[in-house]
Amino acid sequence: MSERKLPATQAAHELDFISHSPAQTERIGQRLGEQFQAGDLILLIGDFGVGKTHLVKGVARGLESQDLVTSPSFVIVNEYRAGRSRRAMPIYHADLYRIAETGEITTIGLDELWDGDGVCLIEWPERAGALLPSEHLAIHMQHLSETKRRLRLAPHGSRYVALVDRFKDMTFG
Ligand SMILES: Nc1ncnc2c1ncn2[C@@H]1O[C@H](COP(=O)(O)OP(=O)(O)OP(=O)(O)O)[C@@H](O)[C@H]1O
Ligand SMILES: [Mg+2]
């Protein structure tokens, strides 16, 4: 999926950096959330406890949501509402860890979430395999130490290339 070879031009738009704390990961999520719009699909890729849910907390804040972000492990999908300035659009937060086979994805209607009316964030997207749209923002997260995480933003498709470029300018420019 996200590890497949990218066209060189697209790989050049990847962004790689280190978060030094949970709070910093949330702030990164917040910056990204400010940019997200309805129909966006974000895949969060990385091991247990790497900080995927923390990043989603930041995204929800960036979208001015008042809702409490929790791990959707048992219910598969949580739904929050963005703030009024973001037209209260839905934020779908899925965790596919418990999905046993990709057929379940369509059974529970998950594939409708990313065609949608809101922003869709997916933890453990590997479980959805080839069902995932090819256009998305992949966020790869890796443990470096107790409090340090490596983050790699990999845009797939022009919408996400533009988004990562803007994020880069805002954050490091
Ligand atoms: N730089 C960091 N960024 C994010 N989380 C961090 C960082 N440093 C330490 N942590 C800790 O790592 C844990 C991340 O938990 P979180 O639930 O966000 O992980 P997750 O990737 O969603 O795990 P799971 O796959 O089990 O859902 C938290 O306890 C958090 O405090
Ligand atoms: Mg999680």
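Visitor: Hi! Which residues in helix 3 are buried?

Guide: K52, T53, L55, V56, G58, V59, A60 and G62. Buried means under 20% relative accessible area, with exposed over 50% and partly exposed in between (1.4 Å probe, protein chains only). Helices (H or I, at least four residues) and strands (E, at least two) are DSSP runs, numbered from the N terminus.

Visitor: Before I go on, what am I looking at?

Guide: This is a predicted model, where local features need pLDDT of at least 70 and side-chain atom pairs count only at pLDDT 80 or more, while totals for chains, interfaces and linings use all residues. Residues are numbered from 1 along each chain as its sequence is written, chains are lettered from A and ligands numbered from 1 in the order in which they are written, and side-chain values use heavy atoms, leaving out hydrogens and water.

Visitor: What are the protein donors of the magnesium ion?

Guide: T53 through OG1 and E123 through OE, 2.1 to 2.2 Å from the ion, which is ligand 2. Donors are N, O and S atoms within 2.8 Å of the metal (3.2 Å for Na, K and Ca); water is not among the atoms, so sites may look incomplete.

Visitor: And where in the chain do those two sit?

Guide: T53 belongs to helix 3 (residues 52–62) and E123 to strand 5 (residues 119–123), 70 residues apart. Both are buried, too.

Visitor: What about polar atoms around ligand 1?

Guide: A polar side-chain atom of T25 is 2.6 Å from a ligand nitrogen, and one of S19 is 3.2 Å from a nitrogen of the ligand. On the backbone side, a polar atom of H54 lies 3.0 Å from a ligand oxygen. The protein covers 76% of the 640 Å² of accessible area (Shrake-Rupley, 1.4 Å probe) that ligand 1 has on its own.

Visitor: Last one: is D40 buried or exposed?

Guide: Buried, because its relative accessible area is 4%. D40 lies in the loop between helix 2 and strand 2 (41–45). Its side chain joins that of R159 in a polar contact of 2.6 Å; such a contact is a pair of N or O atoms within 3.5 Å, and within protein one must be able to donate a hydrogen and the other to accept it, with residues adjacent in sequence counting only if both atoms are side-chain atoms.
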